[in-house]
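Please keep the sequence and the model in view while reading.

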Amino acid sequence: MDEKLSFFKDGFRLDGRRPDELRPIKIEVGVLARADGSCYMEMGDNKVIAAVYGPREVHPRHLQEVSRAIVRYRYNMASFSVEDRKRPGPDRRSYEVSKVSREALEPVILTSYFPKSVVDIFVEVLQADAGTRTAGINAASVALADAGIPMKCLISSCAAGKVDGEIVLDPMKFEDNFGEADVPIAMTPGGDFTLLQMDGRLAPEELKRALELAKTGCQQIYEVQRTALVDRYSSIEEQESCDEAEVEIYE
Ligand code: CDP
């Protein structure tokens, strides 16, 4: 018989977190020179990069919508991002993740401002450790803002899971692989859900707890996203005012 897996040690998870704790987050805005907007994000051991292009002309033309921009989202895992080399190119999973991620962001993008155009979002997973779709959505949301795409608000995303009968925030790979359930969500700062998926089985009260926990996670992620954008643009403004001052001095 299999030995029972242990997910907790002295009340803490195997990576030292409490059940209601997120993994460390790092966000860098504007990392790609050739994209209109971009973002590099780490959520624990997940490392993703998001690039946004547009609004721009739609190719092929038949995809054009007369009254709004279309949004395309391509999620791609690098072959070296996972333990067993991933075969390059799209597969069923990447189509699914791309679809739900696009649907998580589209409701807040003001597409009617840009008829007959497209906003292209590319997410590349460089290193995966469970939660790559949520990391991708977070990075893409920041990259859209960096590209100056008009949006109602940012979108923040994270998952809650069930391991050893306990609901935990932001499961890492071991918890995701051997746990009982995984519930990724995405939401607006106002608490409107734009993504809700569930893998595994949860009782109604467990689902309620998972959603509560994931919501608090999203609120914390929102603050990090907002701060990263404010820091990026206040440092640009500071730089510009320094440059102006220099012009005045040397003129
Ligand atoms: O990454 P996310 O949790 O959004 O999606 P998932 O389909 O639940 O995958 C969970 C994790 O399984 C990924 O983050 C990867 O670490 C791993 N995975 C893998 O090792 N090889 C794949 N081909 C796909 C996923």
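Pro-55 has its place in strand S5, which covers residues 46-57; helices (H or I, at least four residues) and strands (E, at least two) are DSSP runs, numbered from the N terminus. The peptide bond that leads from Gly-54 to Pro-55 is cis, with omega near 0 degrees. A cis peptide bond also joins His-59 and Pro-60, where omega is about -5 degrees. Pro-60 is placed in the loop between S5 and S6. Most residues other than glycine have a negative phi, and most peptide bonds are trans.

The model is a predicted one, in which local features need pLDDT of at least 70 and side-chain atom pairs count only at pLDDT 80 or more, while totals for chains, interfaces and linings use all residues. Residues are numbered from 1 along each chain as its sequence is written, and side-chain values use heavy atoms, with hydrogens and water left out.

Positive phi values occur in residues other than glycine as well. Asp-10, which is not a glycine, has a positive phi of about 55 degrees. Asp-10 lies in the loop between strand S1 (8-9) and strand S2 (12-13). With a relative accessible area of 70%, Asp-10 is exposed; the term exposed means over 50% relative accessible area, buried means under 20%, and partly exposed lies in between (1.4 Å probe, protein chains only). Lys-116 likewise has a positive phi, near 60 degrees, and is a residue other than glycine. Lys-116 is found in the loop between H1 and S7, and it counts as partly exposed because its relative accessibility is 45%.

The path may now be followed from S6 onward. Strand S6, residues 70-77, is mostly covered, with six of its eight residues buried. S6 runs parallel to strand S7 (residues 117-127), and eight bridges join the two; strands pair if DSSP finds at least two bridges between them. Arg-74 stands opposite Phe-122 in S7. From S6 the chain crosses through helix H1 (residues 92-105) to S7, and this β-α-β crossover is left-handed. A crossover is called right-handed if, with the strands pointing away from the viewer, the path from the first strand over the helix to the second runs clockwise.

H1 has 14 residues and reaches 20 Å from its first C-alpha to its last, close to the 20 Å expected at 1.5 Å a residue; the expected span is 1.5 Å times one less than the number of residues. Which residues of H1 are buried? They are Ser-94, Val-97, Ser-98, Val-100, Ser-101, Ala-104 and Leu-105. Their cover includes S6, S7, helix H2 (132-146), strand S10 (181-187) and strand S11 (193-196).

S8 pairs with S10 in the antiparallel sense over seven bridges, and with S9 in the antiparallel sense over four bridges. Gly-161 has Asp-182 as its bridge partner in S10 and Val-168 as its bridge partner in S9. In the hairpin of S8 and S9, which has two residues between the strands, Asp-164 takes a positive phi near 50 degrees.

Lys-162 lies in S8, residues 156-163. Lys-162 counts as buried because its relative accessibility is 12%. Apart from neighbours within four places in sequence, Lys-162 is in contact (heavy atoms within 4.5 Å) with Ile-167, Gly-179, Glu-180, Ala-181, Leu-202 and Glu-206.

Val-168 is placed in strand S9, residues 166-169. At 0% relative accessibility, Val-168 counts as buried. Leaving out neighbours within four places in sequence, its contacts include Phe-8, Arg-13, Pro-19, Glu-175 and Leu-213. Val-168 and Leu-22 are 146 residues apart in sequence and 9.3 Å apart in space, C-alpha to C-alpha.

The ligand remains to be described. A backbone N or O atom of Ala-130 lies 2.8 Å from an oxygen atom of the ligand. A polar backbone atom of Gly-131 is 2.7 Å from a ligand oxygen atom, and a polar side-chain atom of Thr-132 lies 2.5 Å from an oxygen atom of the ligand.

Key: A polar contact is a pair of N or O atoms within 3.5 Å; within protein, one must be able to donate a hydrogen and the other to accept it, and residues adjacent in sequence count only if both atoms are side-chain atoms.
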